[in-house]
Amino acid sequence: MRTIAITMPLVWLAWLVLTEWVPLFPLNDLRSDNRRERLGDAAVNYPIPLLIAGGVALDHPVSRIAALVLCLLVLVGHVASWWLPYAGISSAAQRESYARDYARTLKVLPTQGRAVVPDVQHMVVGVLSLAMTGSTLAVTLTG
């Protein structure tokens with residue numbers, strides 16, 4: 001399980017890098033005018049899975065707990081960014097960002113009457129976030 005808990009954050013990171021930098025329309029909709037924003041997001045997001053994997057790899061109770069806390073923060077951030085807005089709880093900034101950056105991406109959930117709909121790209125992020133959190137929780141509980 002420890003190997004899985006170390007690998008999952010790296011898979012999560014690889015998915016982010018792939019979908020944020022490699023044009024895969026309609027999975028993503030990369031534009032040249034948001035490159036600076038993507039660089040800023042990368043600077044914030046990319047170290048997190050490395051810290052999670054490192055925390056699990058160190059195999060110390062404190063490092064595993066720290067890794068789990070980071071996983072939970074990732075999960076909460078994902079829910080706040082995609083699932084709460086899908087349920088109708090969103091800010092004007094979220095709706096504007098969605099309309100600008102994700103309106104044309106591939107979706108499988110119903111879109112009618114929704115200002116924000118998680119696209120397939122971010123649904124995969126959610127599944128990977130759950131897997132990352134679950135495997136880190138398992139390793140943390142079993143020591």
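The protein chain has a radius of gyration of 16 Å, which agrees with the value near 15 Å that a compact globule of 143 residues would have, the radius being taken over C-alpha atoms and the globule rule being 2.2 Å times the number of residues to the power 0.38. This is a predicted model, in which local features need pLDDT of at least 70 and side-chain atom pairs count only at pLDDT 80 or more, while totals for chains, interfaces and linings use all residues. Residues are numbered from 1 along each chain as its sequence is written, and side-chain values use heavy atoms, with hydrogens and water left out.

**Overall fold**

- The protein chain has six helices and zero strands, and its elements run α-α-α-α-α-α from the N terminus on; helices (H or I, at least four residues) and strands (E, at least two) are DSSP runs, numbered from the N terminus.
- Along its principal axes, the C-alpha trace spans about 45 × 30 × 25 Å.
- Among contacts (heavy atoms within 4.5 Å) between residues at least 6 apart in sequence, 65% join residues at least 24 apart.

**Burial and surface**

- Of the 143 residues, 38% count as buried, where buried means under 20% relative accessible area, exposed over 50% and partly exposed in between, with a 1.4 Å probe and protein chains only.
- The accessible surface of the protein chain comes to about 7800 Å², of which 69% belongs to carbon and sulfur atoms; such areas come from the Shrake-Rupley method with a 1.4 Å probe, and for residues only the protein chains shown count as cover.
- V79, W83, L84 and I89 form a nonpolar patch on the surface, with about 330 Å² of accessible area together; patches are made of residues with over 30% relative accessible area and no salt bridge, nonpolar side chains (Val, Leu, Ile, Met, Phe, Trp, Tyr) being joined within 5 Å and like charges within 9 Å, and a salt bridge is a side-chain nitrogen of Lys or Arg within 4 Å of a carboxyl oxygen of Asp or Glu.

- L130 lies in helix α6 (residues 120–142) and counts as exposed, at 53% relative accessibility; its C-alpha atom is separated by 15 Å from that of M1, 129 residues apart along the chain.
- T136 also lies in helix α6, but is buried, with a relative accessible area of 0%.
- The side chain of T136 reaches the backbone oxygen of M132 at 2.8 Å.
- Not counting residues up to four places away in sequence, T136 touches A5, I52, V56, R64, A67, L68 and C71.

Definitions and conventions:
A polar contact is a pair of N or O atoms within 3.5 Å; within protein, one must be able to donate a hydrogen and the other to accept it, and residues adjacent in sequence count only if both atoms are side-chain atoms.
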